[in-house]
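Thanks, everyone. I'll keep this brief. Please have a look at the model on the screen.

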Amino acid sequence: MDQQALWVAQALRGDQRAFAYLVDLYQAAVYNLCYRMLGNAPEAEDAAQETFVRVYRHLHKYDPQQKFSSWILAVASHYCIDRLRRRRIKWLSLDNVLALRPAATDPALPEETILQHESRAEVRDLLQSLPAEHRLVIVLRYWYDLSYVEIAQVVDSSESAIKSRLHRARKMLAKRVMAQRQAGTLSRKQVQEERRVANNALL
Amino acid sequence: MHCSDISEWISLRLDNGLSQEQVTQLEVHLARCAACGEEWETLRSLSSQLAAEPMVTPAADFTARVLQRLQQRQAHRRRLYGSLSVLMGSVGLWSVAALAVALLFIVLWQPLIRIVVLDVLQPLAAKALSILVILAQALYAVIRELSMRPTWLLLLGYALLALGLIVLWAHVALRRREPVPQINSRF
């Protein structure tokens, strides 16, 4: 039995120290998934914690034939999709926001140059523009480098469904980027036009 | 080759899911079709932009926060379960006591005893008794009604249920006196 399987077995018997090793091992994977899905650090922190609480509570449902990483990503994915659905009905209550304060700073931000920051914000906005299910496959594809089959396992779907969902997601992203680009050129043209008018007025 | 098929192929190409032959076919189309070419260029650069995005990590001591939340949840569940069983247990206890009193009352409710009881206690407890009498008569009527049918079994079942609730209550009440386990308990 490898070390991870041992920890799973120990955690299953109620050993929280073994469970802590599992949290250490998967915290980045889970947190990043939550962050990419939800789009902000406080909610990602809360969702990641909640994911691990669920992992601990439902550990007996984990099938050892499956990859543990896939299972844990599946738990996180389900939780995030659920949360996004609920978000449509009700926005975070003030209590929740206050409770989350300690982790409200984004640890990735301080060292970033402005340029990187802009590109990050652009990526985040693009991701958030997608429907949740499409966002999920993009995240699993690009951040976790999963194959179609592996993504299908995580989201409990078929390989062909994942293939077409990824295609649709990319199509939506491309449309949005091209529309933005067009809007950008238009506004630049507008600026030039205004400048020309102003110059003419001066002459 | 239709442009909608090409769009699908572009996605597959980004995942290295096309055969060499298909790649060639795709390139031929992209060179000729401006719209598909633009989609391809957009998605290719977007794809590399996404692939370059780092993993975001949580703030320090994340594991400690998870364990803390886990223990809070467990304590909460324990409290909920504990108070529920205490409530159920005490309801069971009280109803058994009431039942015992009622049965005793019925057994003793003979005319002679009634006169003695009333003569001794009437000055003090006439009002209280009259209320009790009404209650007891009501209970008596109910029980007599029950006894005419084979529902004594029902009564027995109820007594057993109450007993079960008391056992549950005793179980929780006794366990609560032990120190609450910090780590190795799981619900």
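A nonpolar core, as I use the term, is a set of buried Ala, Val, Leu, Ile, Met, Phe, Trp, Tyr and Cys residues joined through side-chain atoms within 4.5 Å. One caution: this is a predicted model.

Now the core itself. The largest one has 84 residues. A:Phe19, A:Phe68 and A:Leu140 have the most contacts inside this core. Which element gives the largest share? Helix H2 of chain A, residues 16–38, with 14 residues.

Take A:Phe68. Set aside its neighbours within four places in sequence.

On to chain B. It has six helices and zero strands. Of its 187 residues, 26% count as buried. The accessible surface of chain B is about 12800 Å², and 68% of that belongs to carbon and sulfur atoms. Consider chain B contacts with a separation of 6 or more: 71% of them join residues 24 or more positions apart.

Last, backbone angles. Most residues other than glycine have a negative phi. Where do we find B:Asn16, with its positive phi of about 55°? In the loop between helix H1 (3–14) and helix H2 (20–32) of chain B. B:Asn16 is exposed, because its relative accessible area is 65% and the cut-off is over 50%.

B:Asp61 also has a positive phi, near 65°. B:Asp61 sits in the loop between helix H3 (34–52) and helix H4 (62–108) of chain B. Buried or exposed? B:Asp61 is exposed, at a relative accessible area of 58%.

Technical notes
Residues numbered from 1 in each chain as written. Chains lettered and ligands numbered in written order. Predicted model: local features only at pLDDT ≥ 70, side-chain atom pairs only at ≥ 80, totals over all residues. Heavy atoms only, no water. Helix = DSSP H or I, 4+ residues; strand = E, 2+ residues; numbered from the N terminus. Buried < 20%, exposed > 50% of the residue type's maximum accessible area, 1.4 Å probe, protein only. Contact = heavy atoms within 4.5 Å. Areas by Shrake-Rupley, 256 points an atom, 1.4 Å probe, with all protein chains shown as cover.
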